[in-house]
Amino acid sequence: MAASAVLSAKDFKTDVHNDWCPGCGDFAIVTALQMALAELQLPNHRVAVISGVGCSAKIPHYIKSFGAHTLHGRLMPYAIGVKLGNPELTVIGAGGDGDGLGIGAGHFVNAGRRNVDLTYLFFNNGVYGLTKGQASPTLKLGVKPKSLPSPNINEGINPIWLAVASGYTWVGRSYSFDVKHLKDTIVAAIKHKGLAFVDILQPCPTYNDINTKDWYSAKDAKDAATGEVGARLYRLDAAGHDPVVRAHEEQDAKMLKAIELGAGWGDRIPIGVFYQNELIPTYGERITARNPSYKEHPPSKERIAGADGRTALSFDEMLKPLRV
């Protein structure tokens with residue numbers, strides 16, 4: 001048997017025209033995801049990318065894999081259904097801050113209770129970019145980007161706090177224009193056994209003139225310890241943070257530390273892994289414990305009647321004509 005070809009990032013690129021605004025962080029995010037899938041050597045037909053509505057929701061069109069561009073705020077229940085329907089798939093949810101914490105907030109919270117083994121990439125730029133720059137749920141109170149007629153009147157939601165409190169068992173953050181760090185963060189999130197959340201900070205060059213690329217580069221910020229400028233984003237691992245829960249007795253303290261670090265903003269914004277806990281059983285494991293036959297006969301292995309009512313096909317057999 002010939003050895004399988006080594007996949008590269010270009011194997012996950014499509015020919016679909018990309019119409020994001022020039023300078024948008026989404027370009028870097030899709031590149032980092034393609035790089036991550038290649039590093040993990042995940043076959044295209046074993047990956048499913050699910051999105052909701054918004055600029056970021058176009059990402060399934062640009063990733064050569066299975067995917068679905070679904071409804072506003074509904075990417076999480078759809079992604080959970082895909083994972084439970086075929087546990088062998090690597091499922092990645094990709095959606096914006098408005099999609100996830102506006103209309104999708106209820107799904108965001110309740111997904112954490114289940115701990116389904118999938119990854120949620122959260123595109124966070126503080127505005128609704130597709131609908132002309134209204135304040136998203138993550139925009140801070142009193143901030144006035146150029147797209148708003150007056151300062152934001154609502155308090156912003158902290159997605160790190162909410163993910164930890166809701167039960168996500170892996171919580172991290174990266175920055176769109178630090179592509180290597182973002183790629184490494186996505187790889188770690190996908191490898192995690194359980195529900196992983198990646199808060200991805202990104203500029204919106206069209207509507208958010210506050211949190212710009214120059215702002216994230218911190219030309220106006222100074223490190224209190226070293227006096228150096230350009231230190232707005234700092235890495236948690238370099239700062240000595242240990243996010244891993246190794247015993248159940250550590251869980252509360254690690255969660256509280258993640259929440260404390262998640263409060264950082266302004267001149268010092270942490271990126272990296274805030275919290276990691278693989279001691280919590282996944283939803284698939286809970287189903288198996290309740291119904292042992294699920295492990296022996298998961299949906300992906302069941303034979304499904306064909307259109308003629310006679311032919312029986314397994315999920316894998318149905319995928320064969322679609323594989324790249």
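Colleague: Is Asp19 buried, exposed or partly exposed in this structure?

Modeller: In this predicted model, Asp19 is partly exposed, with a relative accessible area of 46%.

Colleague: Which residue forms a salt bridge with Asp19?

Modeller: The partner of Asp19 is Lys58, and the closest N and O atoms of the two are 2.9 Å apart. This pair links distant parts of the chain, 39 residues apart. Lys58 belongs to the loop between β1 (47-51) and α2 (59-62), while Asp19 belongs to the segment before α1 (26-40).

Colleague: How many salt bridges does a search of the whole structure find?

Modeller: The search finds 12 salt bridges. As background, side chains of opposite charge can pair when their charged atoms come close.

Colleague: What about helix α7; where do Lys180 and Asp184 stand in it?

Modeller: Helix α7 covers residues 179-191, and because Lys180 and Asp184 are four residues apart there, about one helical turn separates them. The two form a salt bridge, with 3.0 Å between the closest N and O atoms. Lys180 is exposed at a relative accessible area of 56%, whereas Asp184 is partly exposed at 29%.

Colleague: And in helix α9, how far apart are Lys257 and Glu260?

Modeller: Lys257 and Glu260 are three residues apart in helix α9 (residues 251-262), about one turn of the helix. Their side chains meet in a salt bridge of 3.5 Å, N to O. Lys257 counts as partly exposed, with 35% relative accessibility.

Colleague: Changing topic to the rings: how many aromatic pairs does the structure hold?

Modeller: The structure holds 14 aromatic pairs. One of them is formed by Trp20 and Tyr62, with an edge-to-face arrangement, 5.0 Å centre to centre and 80° between the planes. Trp20 lies in the segment before α1 and Tyr62 in helix α2, so this pair ties together parts that are 42 residues apart in sequence.

Colleague: Are Trp20 and Tyr62 buried or exposed?

Modeller: Trp20 is buried, at 5% relative accessibility. Tyr62 is buried as well, at 7%.

Colleague: How are the rings of Tyr120 and Phe197 arranged?

Modeller: Tyr120 and Phe197 form an edge-to-face pair, with 5.8 Å from centre to centre and 75° between the planes. Tyr120 is in strand β4 (residues 119-124) and Phe197 in strand β8 (residues 196-201), so parts 77 residues apart in sequence are tied together by the pair. Both residues are buried. Ring pairs also link Tyr120 and Phe197 into a cluster with Phe108, Phe122 and Tyr168.

Colleague: Which charged residues sit over the rings of Phe177 and Trp215?

Modeller: Lys213 lies over the face of Phe177, 4.6 Å from the ring centre. Over the ring of Trp215 sits the charged end of Arg232, 4.1 Å from the centre of that ring.

Colleague: Next, where is His192?

Modeller: His192 is in the loop between α7 and β8. Its relative accessible area is 3%, so His192 is buried.

Colleague: With which side chain does the side chain of His192 make a polar contact?

Modeller: That polar contact is with the side chain of Thr169, at 2.8 Å. Leaving aside neighbours within four places in sequence, the contacts of His192 include Asp117, Trp170, Gln276, Asn277 and Glu278.

Colleague: And Leu101, which helix is that in?

Modeller: Leu101 is found in helix α4 (residues 97-103). This residue is buried, at 4% relative accessibility. Apart from residues up to four places away in sequence, Leu101 touches Phe108, Phe122, Pro137, Thr138, Ile157, Pro159 and Leu162. The C-alpha atoms of Leu101 and Asn158 are separated by 9.8 Å, and these residues are 57 apart along the chain.

Colleague: To finish with the whole protein, how many helices and strands are there?

Modeller: The secondary structure comprises 12 helices and 12 strands. The protein has 324 residues, of which 48% count as buried. Among contacts between residues at least 6 apart in sequence, 69% join residues at least 24 apart.

Conventions
Residues are numbered from 1 along each chain as its sequence is written. This is a predicted model: local features need pLDDT of at least 70, side-chain atom pairs count only at pLDDT 80 or more; totals for chains, interfaces and linings use all residues. Side-chain values use heavy atoms; hydrogens and water are left out. A salt bridge is a side-chain nitrogen of Lys or Arg within 4 Å of a carboxyl oxygen of Asp or Glu. Helices (H or I, at least four residues) and strands (E, at least two) are DSSP runs, numbered from the N terminus. Buried means under 20% relative accessible area, exposed over 50%, partly exposed in between (1.4 Å probe, protein chains only). Rings of Phe, Tyr and Trp (its six-membered ring) pair if their centres lie within 6.5 Å; planes under 30 degrees apart count as stacked, over 60 as edge-to-face and the rest as tilted. A charge sits over a ring if NZ of Lys or CZ of Arg is within 6 Å of the ring centre and within 35 degrees of the ring normal. A polar contact is a pair of N or O atoms within 3.5 Å; within protein, one must be able to donate a hydrogen and the other to accept it, and residues adjacent in sequence count only if both atoms are side-chain atoms. Contact means heavy atoms within 4.5 Å.
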